[in-house]
Amino acid sequence: MLRATFKLLSLHNTCRRIAFAISNPKSWPISASLITMGNQSSSVNPPVRGMASENEVFSKEELKKRLTPMQYHVTQERGTERAFTGKYNKHSEGGTYYCVVCHESLFSSDTKFESGCGWPAFNDVLDSGKVKLTKDTSHVGANLLLLIANPGMVRTEVSCLKCNAHLGHVFGDGPRPTGKRFCINSASLDFKSYADQKKEAS
Ligand SMILES: [Zn+2]
């Protein structure tokens, strides 16, 4: 009886949250993006001052010529390569990972770890000022109730701040010290080993 009452109360509270959010979107911390749903997203990072002039915009035609169809799909259409198929998933050489579109250095092999998720996983970015984090509700579709039952469906998209290429998502279940898991598509990345970087510098 007690459990049934609790369930009813919690259902009642859930309905109140929905009604409140719908009537007053700005008052619920994540409500604005939830209410809009679909592929809408809202920025988690405030705009970085002074970065706008450094942004690079590439034409669709140029990118279609330069990138593979998978690289184009992932970076420009926010796609996801199939798990365990990317070339950097099982890649353990020491070096730097770059944005495949604008060649900005984004991740280091020093923070790469085997997460078992099927995509390259990093514990951190080289510089937090080089990536953009955005709330991504595209998984949820229009089902608000589904989202309330499973808040983990709101993911945080990671994209390149310089050229806006989609890279992947970041989750809070990574190892120490950051506790983060940047789950990144191989198709968004280019790699240069430390040995090659030394050769080029000499
Ligand atoms: Zn980029």
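**A buried tyrosine and its surroundings**

Tyr97 is buried, since its relative accessible area is 0%; buried means under 20% relative accessible area, exposed over 50%, and partly exposed in between, with a 1.4 Å probe and protein chains only. Before I go on, the sources: this is a predicted model, where local features need pLDDT of at least 70 and side-chain atom pairs count only at pLDDT 80 or more, while totals for chains, interfaces and linings use all residues. Residues are numbered from 1 along each chain as its sequence is written, and side-chain values use heavy atoms, with hydrogens and water left out.

What does a search of the whole structure find in the way of aromatic pairs? It finds 6 of them. Rings of Phe, Tyr and Trp (its six-membered ring) pair if their centres lie within 6.5 Å; planes under 30 degrees apart count as stacked, over 60 as edge-to-face, and the rest as tilted. One of the pairs is Tyr88 with Tyr97, which is edge-to-face, at 5.4 Å centre to centre and 85 degrees between the planes. Tyr88 and Tyr97 are both buried.

Tyr97 also pairs with Phe122: the centres are 5.1 Å apart and the planes are at 70 degrees, so this pair is edge-to-face. It links distant parts of the chain, with Tyr97 in strand β2 (residues 95–99) and Phe122 in strand β5 (residues 121–122), 25 residues apart. Helices (H or I, at least four residues) and strands (E, at least two) are DSSP runs, numbered from the N terminus. Phe122 is buried, with a relative accessible area of 0%. Ring pairs join Tyr88, Tyr97, Phe107, Phe122, Phe182 and Phe191 into a cluster.

Asp127 is in the loop between β5 and β6 (131–136) and is partly exposed, at a relative accessible area of 37%.

Now the metal. Which residues coordinate the zinc ion? Cys99, Cys102, Cys160 and Cys163 do, each through SG, at 2.3 Å. Donors are N, O and S atoms within 2.8 Å of the metal (3.2 Å for Na, K and Ca); water is not among the atoms, so sites may look incomplete. The 4 donor atoms make angles of 102 to 117 degrees, and the site is tetrahedral, a label that four donors get if all angles lie between 85 and 135 degrees. For reference, the ideal angle for four tetrahedral donors is 109.5 degrees. Along the chain the donor spacing is C-x2-C-x57-C-x2-C. Cys99 in strand β2 and Cys163 in the loop between β7 (155–160) and β8 (166–171) are 64 residues apart, so to speak a link between distant parts of the chain. Both Cys99 and Cys163 are buried.

Leaving aside neighbours within four places in sequence, Glu56 is in contact (heavy atoms within 4.5 Å) with Cys102, Lys162 and Cys163. The C-alpha atoms of Glu56 and Cys163 are separated by 4.9 Å, at 107 residues apart along the chain. Glu56 lies in the loop between β1 (41–43) and α3 (60–66), and counts as partly exposed at 29% relative accessibility.

Finally, the totals. The protein has 6 helices and 10 strands, and 39% of its 202 residues count as buried.

Conventions
Tetrahedral: all angles 85-135°; square planar, octahedral: opposite > 155°, others 65-115°.
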